[in-house]
Amino acid sequence: MTISVHRLHESLGAEIRGIDLSRPLDDTSFATIATAFLDHQVIVLRGQQLPPERHIALTRRFGNPEIHILEQFHLVGHHEILVLSNRKHADGTPVGLEDAGRYWHTDVSFWPEPSTASLLYSLEVPPEGGDTMFTNQYAAYDALPDELRRQLDGRRLLHGLNRVVAPKFTDEQLARVVPVSHPAFRTHPGTGRKAVFAGAFAMGIEGMTDAAARPILDALYAHCGEDRFRYVHRWRAGDLVMWDNRCVLHHATPFDPAYARHMHRTTVSGGRPI
Ligand code: OGA
Ligand code: MN
């Protein structure tokens, strides 16, 4: 099969065709994915059969799988996989995390070493809605209004969680998340490019009062989610979407809960943002 890469949007995203993820990746396929990932930030492979073992093996090609703190939503027998689902067990308990973030965010930026990549695989999707939106944070950095750039240059943002953004965390899980600071503008270790590193977990600015920080964070949030930086992924069952948390924000969207949406997610452990 010939491998080809097709852009999905002028700002970010590409679909890779001609790779069958149900089989071990050969070096050419891996190199194509790794290059497209750095070039396009979000990559999509459609029509895939990806059993948990293959999903985890694919993740390992990019680094160590990160084990999510929400252990109640781990896939049984495969704790590397977080289940995203609105399905319920027979006793009414949820099968997975029903809502993985209907706000702009970058995965687990509330940890000192946030994930580099997330790999989300869809098993069942609603006929409409439940899209995932992605925005290019290199582009957001390049297009920053002068005032925001001046206000945030050299600053660190405080990332954390609260009940609003993390309704499914137990009290004990929430207590384990201690606010951590990351540079507002980080340099991507793979491309050398600067990106805004913010989103809804960024709740404060180091060395600033909340009252002074709030309007700046609100303006930054609005800027980073702008339409011009955005690719919206319309899911089909069998899609594998991999995004780069170091230079992309993403945002889940609502759907009719009468339909099932069921997905498997892995993430790759990262280092400290610089
Ligand atoms: C995630 C996430 C968005 C979605 O898996 O990290 O934010 O649309 N998912 O489910
Ligand atoms: Mn997410």
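D107 and H250 are both buried, where buried denotes under 20% relative accessible area, exposed over 50%, and partly exposed the range in between, with a 1.4 Å probe and protein chains only. The model is predicted: local features need pLDDT of at least 70, side-chain atom pairs count only at pLDDT 80 or more, and totals for chains, interfaces and linings use all residues. Residues are numbered from 1 along each chain as its sequence is written, chains are lettered from A and ligands numbered from 1 in the order in which they are written, and side-chain values use heavy atoms, with hydrogens and water left out.

These two residues take part in a metal site. The manganese ion (ligand 2) is coordinated by H105 (NE2), D107 (OD) and H250 (NE2), at 2.1 to 2.2 Å. Donors are N, O and S atoms within 2.8 Å of the metal (3.2 Å for Na, K and Ca); water is not among the atoms, so sites may look incomplete. Along the chain, the donors of this manganese ion have the spacing H-x1-D-x142-H. Distant parts of the chain are linked by the pair, as D107 lies in the loop between β5 and β6 while H250 belongs to strand β15 (residues 248-252), 143 residues apart.

The protein as a whole has 6 helices and 16 strands; helices (H or I, at least four residues) and strands (E, at least two) are DSSP runs numbered from the N terminus. Buried residues account for 54% of the 274 residues. The C-alpha trace spans about 50 × 45 × 35 Å along its principal axes.

An open sheet is formed by 8 strands in the order β1-β2-β3-β14-β6-β16-β5-β4, with mixed pairing; two strands pair if DSSP finds at least two bridges between them. β1 (4-7) and β4 stand at the edges with a single partner strand each, so one side of each has no neighbour in the sheet. Between β1 and strand β2 (residues 14-17), the pairing is antiparallel over 4 bridges, and R7 stands opposite A14 in β2.

Helix α2 packs on this sheet, touching β4, β5, β6, β14 and β16, and its direction makes about 110 degrees with that of β5. Such axes are lines fitted to C-alpha atoms, for helices over the stretch in contact, and angles run from 0 to 180 degrees between N-to-C directions. Within α2 (residues 52-60), the buried residues are P52, R54, H55, I56, L58 and T59. Their cover includes β4 (74-75), β5 (78-85), β6 (117-124), β14 (240-244) and β16 (262-268), contact meaning heavy atoms within 4.5 Å.
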